[in-house]
Amino acid sequence: MSKLLTDRAKKDVDAEDWFEEYHTLDYIDAKLDEMIELYPNISTKVILGISWEGRAINAIRISGPNPTKAIVYHGGIHAREWIGPAVVQFIYNELLRGYGVNPVVTELVNEIEWTIIPVLNVDGYVYAHDVNPAWRKTRKPNQGSECIGTDPNRNWQYMWSVGGSSPDPCSNSYAGFTPFDNPEPRSIDLYIRARQAAGLNVLGYSDFHCCGLLWMSPYAYIRPEERLPENNVQLQQVGEAIAGAIQSVHGVGFLVGNIGDPRIIGLASGSSVDHVHTQLGVPLSYGIELRANSQFEPSVIVPSGEECGLEFLCTE
C-alpha cells in the first residue's frame, strides 16, 4: 500500500468508509493506484493529459479481455462539485469488486471497456480544496486579464460561444479565448477519438455534476423546440429508464430532458455533452446533476453512488 494511504490511518482503499468523506486529489489518485494494484487483471491506469499547472489527469480503464464497446465517465469538470468525483469513484469501485462475483457486472465488464476519470479539472479541484471551496473554473491564466480560469464546460469545440457562455474572463461561464484552449476538455476529445480508432464502439458518455437532480441530454446550445438530436427518442427513453431505476433505490426523483430547455438548465454552448454527441458520435451522451448541497454533505456520497450505479445496467 502506498505511503500516502498508509499514513492516512492505514485505511483499506477497498472499504466502505472511503466514501464517508470527500478526499483531496492526492488521495483520489492514490486510491486509483491502489485499486489497480488490487485488480490488475481487469484494470489499468491511463493518463489522459496534463493540466496547465502540470498535474496528470488520471483515469482507470476497466474491462475483460476482448470488449467491443466502451463507455466514458468523469466527474469534477467544475471544481466545486465534489460529489461528481466521489460518485464516479463509487461506480468504478463497484465494477471492480463485482467482477467475478456479480454475474451482471461480470458480463458488463467483459463486454464493455469502462474509462472513469475521477477528476477532470484537477487544478481547479485542488484550488477548491486548498483555497476557495466555491471555485468553479480551471486555473489557466487569461492574457490581458487578472481573472484566472475558464469554464471547462463551455470550452468544447462544437457550437462554441454561441450563447449561454461568456466572453468575459472574470465570468464563471467564460468560454475561453478559443475552443479547446484548455487541456481538460481537449484531453477527453482526444481520448475518445483514440478509443474509436482502436476499434471500440463508444456508446456512452456521462459528465457528473452537482446540483439539481437532473438527467440531461443534448442539446445545450439551442432550445429543444428549435432543434433536437436525431436520436432524441432514444436519449429520453434511456434517461427515463435510468431515472426510474434511481427512484426505486431511495425514492429520489430525477427530471429528464434536454439541457437547453429552460426548465432543465437553459442555454450553455460549448458543452461537453453537445460535443461528444455530435462531433464524436457517441449516441448516449448525458450530463447529470446530482443532489443539492452535496459539497458539504458527505453523507450523500453512498446513496448517490448506489443510485447512479444502476446507470450502467440501464444504459447497456
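The dialogue below takes the ring pairs and then the sheet.

Mentor: This is a predicted model, in which local features need pLDDT of at least 70, side-chain atom pairs count only at pLDDT 80 or more, and totals for chains, interfaces and linings use all residues. Residues are numbered from 1 along each chain as its sequence is written, and side-chain values use heavy atoms, with hydrogens and water left out.

Trainee: How is a pair of aromatic rings described?

Mentor: By the distance of the centres and the angle of the planes. Rings of Phe, Tyr and Trp (its six-membered ring) pair if their centres lie within 6.5 Å; planes under 30 degrees apart are stacked, over 60 edge-to-face, and the rest tilted. That rule gives eleven aromatic pairs here. Tyr-73 and Trp-114 are edge-to-face, because their ring centres are 6.0 Å apart and their planes stand at 65°.

Trainee: Which strands hold Tyr-73 and Trp-114?

Mentor: Tyr-73 lies in strand 3 (residues 69-75) and Trp-114 in strand 4 (residues 112-117), so the pair ties together parts 41 residues apart in sequence. Strands are DSSP runs of E, at least two residues, numbered from the N terminus.

Trainee: Is Tyr-73 buried or exposed?

Mentor: Tyr-73 is buried, at 1% relative accessible area; buried means under 20%, exposed over 50%, partly exposed in between (1.4 Å probe, protein chains only). Trp-114 is buried too, at 0%.

Trainee: How do strands of a sheet pair?

Mentor: Through backbone hydrogen bonds, either parallel or antiparallel. Two strands pair if DSSP finds at least two bridges between them. Here eight strands form an open sheet with mixed pairing, in the order 1-2-4-3-5-8-6-7. Strand 3 and strand 5 (residues 201-210) run parallel, joined by seven bridges.

Key: Helix = DSSP H or I, 4+ residues; strand = E, 2+ residues; numbered from the N terminus.
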